[in-house]
Amino acid sequence: MRKIFVIGIGAGNPDYVTVQAINALNEVDVFFIMDKGREKEDLVRLRKEICERYIKDKTYRTIETTDPPRDRATSSYEPAVRAWHDQRAGIYERLIREELGEDECGAFLVWGDPSLYDSTLRIIDQIIERGAVAFEYEVIPGISAIQALAARHRVALNQIGRPVHITTGRRIADGLPDEADDVVVMLDANCSFAAIDDPDVEIYWGAYIGTEDEIVAAGNLQDVMADIEKMRREAKRRKGWIMDTYLLRRSKEQ
Ligand SMILES: C[S@@+](CC[C@H](N)C(=O)[O-])C[C@H]1O[C@@H](n2cnc3c(N)ncnc32)[C@H](O)[C@@H]1O
């Protein structure tokens with residue numbers, strides 16, 4: 001039977017790749033690599049570097065395909081994302097059916113960890129539901145940008161006995177959730193932290209964490225937000241794309 005691995009490769013540093021991921025990489029016959037917009041060249045290059053570095057037998061095949069663009073013009077975010085997932089499910093299904101032999105093993109290499117803001121697992125579930133191609137699959141966890149951020153700042157994500165809230169820039173644009181003292185923000189294209197005027201919030205910020213372009217900053221949000229906005233703007237201009245993650249903390253610990 002065909003087998004698919006969904007392998008978390010970590011969020012940028014090839015050293016983040018786990019031993020479990022290396023073992024899985026070495027079982028793969030075909031890697032499916034999806035191009036995703038402007039950052040694609042750098043991210044595709046890292047995936048190829050990982051394969052080169054960790055796979056002993058170089059007889060694997062690589063199939064590159066372009067991800068369909070998401071409709072960003074529509075105001076209804078969730079239906080647009082669902083329609084985009086449908087399209088991607090069709091592409092992944094065709095790749096598994098046409099490019100993978102009956103007893104072969106394929107893999108999708110997922111940035112960071114597959115459980116966080118990544119649609120691969122939802123798409124695999126959709127393909128299984130359609131029933132047009134049969135396969136088994138296994139998920140290998142990876143080091144997410146959140147863990148990499150926390151390690152880089154040498155900070156625990158939660159305060160003693162308190163929860164951690166993980167969300168997107170879009171969702172904190174109107175302020176921090178009332179109940180959350182520690183909020184991790186991903187996918188923020190607009191420096192949404194700049195809208196928060198609470199003087200007691202600290203920020204631990206990082207861009208391109210784990211890569212040679214890494215930039216980090218931390219401090220009282222009101223004191224450092226202008227510097228972070230400037231660094232972010234300049235880095236994005238220089239490189240053409242940016243990925244950043246941050247922890248916002250209302251301090252409860254004395
Ligand atoms: C589509 S999500 C994927 C998250 C990924 N699955 C993970 O576990 O980290 C992309 C977002 O992850 C964050 N991200 C991923 N890699 C990062 C890195 N090396 N440095 C900072 N943020 C990163 C950014 O917030 C980016 O917008």
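A charge sits over a ring if NZ of Lys or CZ of Arg is within 6 Å of the ring centre and within 35 degrees of the ring normal. For an example, select Lys239 and Tyr208: the charged end of Lys239 sits over the Tyr208 ring, 5.9 Å from its centre.

Before you go on, note that this is a predicted model, where local features need pLDDT of at least 70, side-chain atom pairs count only at pLDDT 80 or more, and totals for chains, interfaces and linings use all residues. Residues are numbered from 1 along each chain as its sequence is written, and side-chain values use heavy atoms, with hydrogens and water left out.

Next, select Phe193 and Tyr246. Their rings form an edge-to-face aromatic pair, 5.2 Å centre to centre with 85° between the planes (ring centres of Phe, Tyr or Trp, its six-membered ring, within 6.5 Å; planes under 30 degrees apart are stacked, over 60 edge-to-face, the rest tilted). Phe193 and Tyr246 are both buried, meaning under 20% relative accessible area with a 1.4 Å probe, protein chains only.

Now move to Tyr92 and Phe108. With ring centres 4.5 Å apart and planes at 10°, this pair is stacked. Tyr92 is buried at 2% relative accessibility, and Phe108 at 3%.

Finish at Leu25. Leaving aside neighbours within four places in sequence, Leu25 is in contact (heavy atoms within 4.5 Å) with Ile7, Val17, Phe31, Ile50, Tyr54, Ile55 and Leu109.

Note on methods
Buried means under 20% relative accessible area, exposed over 50%, partly exposed in between (1.4 Å probe, protein chains only).
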